[in-house]
Amino acid sequence: MSLAKPAGARCLLVAKYTESARIGNAREKMKPSGARDAASTVAMRVNGRPVFAPAGASAAAAMLLAGVVCRVSLRGEPRGPLCGMGICMECRATVDGVPHTRTCQMTVREGMEIVTG
Ligand code: FES
C-alpha cells in the first residue's frame, strides 16, 4: 500500500480551516459598518494579509484560518502543524520578526505579524 499523497491533494485540515475562514470572514462583512466583535477576535496579519483570529487561538490555528502553510519542505511539500504541542517543529514561522517560532505554542495577539516561508 502506498502512502504517497496524490498530486494536487490538499491536507483535509487545511481545507477545513480555510473553509471556516471564508465563512468567518463572510460573517464579519455582514456585520453593520464592518464592525467586529473585538472582545472575541484578534486582528493580525499573516504574510501581510489581515486575518481575524479567535481570541485565545494559537498562531498555528490563525495560519490555518488564513489558508497558508507554515513552510515548504526541501522537496517543495507544504508543511503545517502536526503535533500541536511543541515537539515536531513543523509549525515554525517568523512571528514579529523572530524566525523559527513554534506557532502552536503561542497565543494570537492583537497586531501580531506572521510571515511564512
Ligand atoms: S505543531 Fe508540532 S511543534 Fe508546533
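Let's start with helix α2: Ala 59, Ala 60, Ala 61, Ala 62, Met 63, Leu 64, Leu 65 and Ala 66 are buried there. Buried has a cut-off: 20 or more other C-beta atoms lie within 10 Å of the residue's own, while exposed is 12 or fewer and partly exposed is in between, with C-beta atoms placed from the backbone. By that count α2 is mostly covered, with eight of its eight residues buried.

A word on the source. This is a predicted model, where local features need pLDDT of at least 70, side-chain atom pairs count only at pLDDT 80 or more, and totals for chains, interfaces and linings use all residues. Residues are numbered from 1 along each chain as its sequence is written.

Now the overview. The chain has two helices and seven strands. These are DSSP runs numbered from the N terminus: helices are H or I with at least four residues, strands are E with at least two. From the N terminus, the order reads α-β-β-α-β-β-β-β-β. There are 117 residues in the chain, and buried ones make up 27%. Take contacts between residues at least 6 apart in sequence: 39% of them join residues at least 24 apart. Contact here means C-beta atoms, placed from the backbone, within 7 Å.

On to the sheet. Five strands form an open sheet in the order β2-β1-β7-β5-β6, and the pairing is mixed. Neighbouring strands here are turned by 40° against each other on average, ignoring direction. Helix α2, residues 59-66, packs on this sheet and touches β1, β2, β5 (92-95) and β7. The direction of α2 makes about 125° with that of β2. For such angles, axes are lines fitted to C-alpha atoms, for helices over the stretch in contact, and values run from 0 to 180 degrees between N-to-C directions.

Let me walk through the pairs. Two strands pair if DSSP finds at least two bridges between them. β1 and β2 run antiparallel, joined by six bridges. Thr 41 stands opposite Pro 54 in β2. The hairpin of β1 and β2 has two residues between the strands, and Asn 47 in that hairpin takes a positive phi near 50°.

On its parallel side, β1 (residues 41-46) is joined to β7 (residues 113-115) by two bridges. Arg 45 has Glu 113 in β7 as its bridge partner.

β5 and β6 are antiparallel, with three bridges. Arg 92 stands opposite Arg 102 in β6. Their hairpin also has its phi to note: two residues lie between the strands, and Asp 96 takes a positive phi near 50°.

Back to β1 for its side chains. In a regular strand the side chains alternate between the two faces of the sheet. Here Val 42, Met 44 and Val 46 point to one face and are buried.

A nonpolar core is a set of buried Ala, Val, Leu, Ile, Met, Phe, Trp, Tyr and Cys residues joined through C-beta atoms within 7 Å. The largest one has 24 residues, and Met 44, Ala 53, Ala 62 and Met 63 touch the most other members. β1, β2, α2 and β5 each supply at least two residues of this core. Which element gives the largest share? α2 does, with eight residues.

Look at Met 63. Setting aside neighbours within four places in sequence, Met 63 is in contact with Val 46, Val 68, Cys 70, Ala 93, Thr 103, Ile 114 and Thr 116.

Last, two backbone points. Most residues other than glycine have a negative phi. Met 89 is not a glycine, yet has a positive phi of about 65°. Met 89 sits in the loop between β4 (78-79) and β5. Met 89 counts as partly exposed, because it has 14 C-beta neighbours inside 10 Å. His 100 also has a positive phi, near 55°. His 100 lies in strand β6. Is His 100 buried or exposed? His 100 is exposed, with 10 other C-beta atoms within 10 Å.

Definitions and conventions: Two residues are in contact if their C-beta atoms, placed from the backbone, lie within 7 Å.
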